[in-house]
Amino acid sequence: MEGEALRLDGNAIAGTLGEMFVQEMTEARIACKGCGNVEPVGAEHAYVQAPGIVLRCSHCDEALLVMTRTAGRHRIWFPRSHWLEMGEPTDS
Amino acid sequence: MARAAVRGRLNWTLGEVVELTDETPRVRTIFLEVPEWPGHRAGQHVDVRLTAEDGYQAQRSYSIASAPEDGRLAITVERLPDGEVSEYLVGELRRGDMLELRGPIGGYFVWEAGSDGPLLLVAGGSGIVPLMSMLRHRRASDGTVGARLLYSSRSWDEVIYRDELERLAAGSNGPEVIHTLTRSQPPGWKGYARRVDGAMLAEAAWATASMPMTFVCGPTSFVESVAGGLVLLGYPSNTVKTERFGPTGG
């Protein structure tokens with residue numbers, strides 16, 4: 001299937017992020033190393049059909065955040081993002 | 001609806017199916033009593049997990065249809081071809097069954113009554129669900145900020161929440177509801193009869209000077225076409241929030 005048809009929003013990975021972070025993560029902001037844009041996670045593009053989850057920049061398509069889970073271990077890495085910034089861990 | 005308590009990580013909880021309503025031949029609303037439900041905001045979603053007798057698990061995310069003010073949690077599910085979860089939820093689920101749930105989830109695609117600016121909602125098919133939560137929230141809180149819904153369906157029989165939308169629109173301060181029917185139209189239909197395009201958006205959208213807040217929900221191709229069209233009309237991209245359903249939800 002075409003990659004574009006599989007594109008979702010960062011909203012789609014909020015549940016998985018919620019397994020690891022106590023903050024609501026779609027409002028966390030992430031800075032792209034490729035183009036410098038800063039957007040809420042919810043506004044970026046998400047691909048969930050891969051073996052892991054990939055969050056890509058909605059402006060330049062760089063891979064901002066990748067998550068995998070194997071044998072009960074979560075791994076998150078940040079191939080092309082400068083930082084991920086989130087608020088206090090309160091229920092908003 | 002702000003609560004100060006620390007939420008903690010998302011945990012699974014159980015909800016009991018207390019009512020089922022068929023919205024269209026392929027779409028059903030499931031009403032749930034969830035004792036440990038912490039409340040939600042309009043536009044959020046919930047994960048549903050099914051476990052087979054052999055231990056196989058499947059999980060999907062569904063938009064919440066009910067308003068934060070409603071007593072029961074409601075999700076509206078479209079039966080998708082070969083959708084292992086949606087087939088069960090629409091076809092097999094019965095009153096009294098228990099569902100495993102996790103949520104509410106999300107905070108970006110959320111609208112609060114009392115927000116500034118008129119509201120523009122654009123829905124494709126079952127993309128209406130989170131937007132309906134917003135319209136129900138607006139009514140429950142006597143919202144007066146202008147609201148307009150542009151809703152694309154294949155046919156009149158596939159319009160989800162059709163009667164309730166008519167009632168909402170007829171009420172005082174009700175939203176404007178604009179339908180487009182892309183595949184077939186009833187005799188005498190005077191509304192739009194094509195896919196949402198730039199010309200339709202130009203007619204239906206608020207003037208950019210009124211600083212509208214916009215939420216677009218539907219299949220990926222629909223959402224991207226509408227969001228692109230709104231940006232061409234001069235809508236700042238950070239005021240257009242999108243939720244893509246993807247090709248299928250399963």
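Biologist: What does contact mean here, and which residues does B:L131 touch?
Modeller: Contact means heavy atoms within 4.5 Å. The model is predicted. Residues up to four places away in sequence are not counted. On that basis, B:L131 touches B:F109, B:L121, B:V122, B:A123, B:L149, B:F215 and B:C217.

Biologist: Which residues touch the most other members of the largest nonpolar core?
Modeller: This core has 28 residues. Those touching the most other members are B:L131, B:L149 and B:F215.

Biologist: Which element gives the largest share of this core?
Modeller: Several elements of chain B give two or more residues, among them β2, β7 (119–124), β8 (147–153) and β10 (213–218). Helices α2 (128–140) and α3 (162–170) of chain B do too. The largest share is 6 residues, and it comes from α2(B).

Biologist: Why do the buried residues of α1(B) line one face of the helix?
Modeller: In helix α1 (residues 84–92) of chain B, the buried residues are B:V85, B:S86, B:L89 and B:V90. Seen down the axis, they fall within an arc of 110 degrees, so they line one face. They pack against β2 (27–33), β3 (45–51), β4 (57–63), β5 (73–78) and β6 (98–105) of chain B.

Biologist: What span should helix α5 of chain B have?
Modeller: Helix α5 covers residues 220–232, which is 13 residues.

Biologist: Which element of chain A do the buried residues of α5(B) pack against?
Modeller: The buried residues of α5(B) include B:F222, B:V226 and B:L230. In chain B, they pack against β7, β8, α4 (198–204), β10 and β11 (240–244). In chain A, they pack against β1 (8–9).

Biologist: Where in chain A is confidence lowest, and where is it highest?
Modeller: Chain A averages a pLDDT of 89, and 93% of the residues score at least 70. Confidence is lowest in helix α1 (residues 14–18) of chain A, at a mean of 89. It is highest, at 98, in strand β2 (residues 29–32) of chain A.

Conventions. Residues numbered from 1 in each chain as written. Chains lettered and ligands numbered in written order. Predicted model: local features only at pLDDT ≥ 70, side-chain atom pairs only at ≥ 80, totals over all residues. Heavy atoms only, no water. Buried < 20%, exposed > 50% of the residue type's maximum accessible area, 1.4 Å probe, protein only. Helix = DSSP H or I, 4+ residues; strand = E, 2+ residues; numbered from the N terminus. Arc of directions from axis to C-beta. Core = buried A, V, L, I, M, F, W, Y, C linked by side-chain atoms within 4.5 Å. Expected span 1.5 Å × (residues − 1). pLDDT = per-residue confidence, 0-100.
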